[in-house]
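Please look over the structure below before reading on. The text after it goes through selected local features in turn.

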Amino acid sequence: MTHPSESHTTALAGKDFVPGPVLILGAPGAGKGTQAQLLVDKYNIPQISTGDLLRGNIARGTELGLKAKEIMSSGHLVDDEIVNQMVLHRLQENDIHRGYILDGYPRTLEQAKFLDDTTADPVFLSRLPVIAVSMVVSYDKLLQRITGRRICPFCKHIYNVYSNPSKVAGVCNFDGARLTQRADDTESVFIERMKTFEEQTAPVVAHYHDQGRFEEADGNQDLEAVNDAIEQAIFKLRRASRG
Ligand SMILES: [Zn+2]
């Protein structure tokens, strides 16, 4: 994949640019996962997400993984302490010295403070402070992304009736299977998720904002333009955080 914006941002950031730890924030449907992956590829740094950490620890049968599995199988959510410990272990691996992309962690103020203490510890390879970039997408656009989503049950290709429709309405381009909608891709579920997201994220945003480690990026654009906006925000914040 080629990025029209690549030469611009590479020139901006310089080829020796070290992004350090970058938290990507965004509402449900903002396209956080896609943008996180683009940054991972471009900077050649790992992504650290709560979901991956949980799955990885459970798959490897670590002590934390076993604990998490037990909690989850009893129908509860894994608490901050276990997630924090998983992050702590992850940050001791060698691949994070130039930075990493955080997705879904820190989710709470307590986690953000824990991460700050952790990254400041001389034991860790990447001691740069975490910077946070929030992808801002309009409410209507987010709603369309969620309620317009259609999935092929056969090849798992994802369409959107507003922005990326199949050639024949309701039918997969590749295999002719009838497209389905996930049961929770509705406006009422979306409204609930937005409320939860805003309540949870506000203290995290305020934390980074107060310390001059927060920027917004316009997420109402095409993939490349959003990526460009995020990279410019990262560069600006990292330059500032180094003094
Ligand atoms: Zn298909």
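The model is predicted. Helix 2 spans residues 32-43, twelve residues in total. From its first C-alpha to its last, helix 2 reaches 16 Å, close to the 16 Å expected at 1.5 Å a residue. Its buried residues are Lys32, Gln35, Ala36, Leu38, Leu39, Val40 and Tyr43. An α-helix has 3.6 residues a turn, so residues three or four places apart point the same way. The cover over the buried residues of helix 2 includes strand 1 (20-26), strand 2 (47-49), strand 3 (99-103), strand 4 (131-136) and helix 9 (223-241).

Just after helix 2 comes Asn44, with a positive phi of about 55°. Asn44 belongs to the loop between helix 2 and strand 2. Its relative accessibility is 64%, so Asn44 counts as exposed.

Next come the crossing helices. The axes of helix 3 (residues 50-60) and helix 5 come within 10 Å and cross at roughly 85°, which means that helix 3 is roughly perpendicular to helix 5. Helix 3 contributes Thr50, Leu53, Leu54 and Asn57 to the contact, and helix 5 contributes Val83, Met86, Val87 and Arg90. By class, five residues of this contact are nonpolar, two are polar and one is charged.

Arg90 lies in helix 5, which covers residues 80-90. Is Arg90 buried or exposed? Arg90 counts as buried because its relative accessibility is 12%, and the cut-off for buried is under 20%. Leaving aside residues up to four places away in sequence, Arg90 touches Pro46, Ile48, Leu53, Asp95 and Ile96.

Cys152 counts as buried because its relative accessibility is 0%, whereas Cys155, at 34%, counts as partly exposed.

Lys156 sits in the loop between strand 5 (149-151) and strand 6 (158-160). Phi of Lys156 is near 70°, a positive value in a residue other than glycine. With a relative accessible area of 56%, Lys156 is exposed.

Tyr105 and Pro106 are joined by a cis peptide bond, with omega about -5°. Pro106 is placed in the loop between strand 3 and helix 6 (109-120). Most residues other than glycine have a negative phi, and most peptide bonds are trans.

Technical notes
Residues numbered from 1 in each chain as written. Predicted model: local features only at pLDDT ≥ 70, side-chain atom pairs only at ≥ 80, totals over all residues. Heavy atoms only, no water. Helix = DSSP H or I, 4+ residues; strand = E, 2+ residues; numbered from the N terminus. Buried < 20%, exposed > 50% of the residue type's maximum accessible area, 1.4 Å probe, protein only. Contact = heavy atoms within 4.5 Å. Axes fitted to C-alpha atoms, helices over the stretch in contact; angles between N-to-C directions. Parallel < 35°, antiparallel > 145°, perpendicular 65-115°, else oblique. Nonpolar A, V, L, I, M, F, W, Y, C, P; charged D, E, K, R; others polar. Expected span 1.5 Å × (residues − 1).
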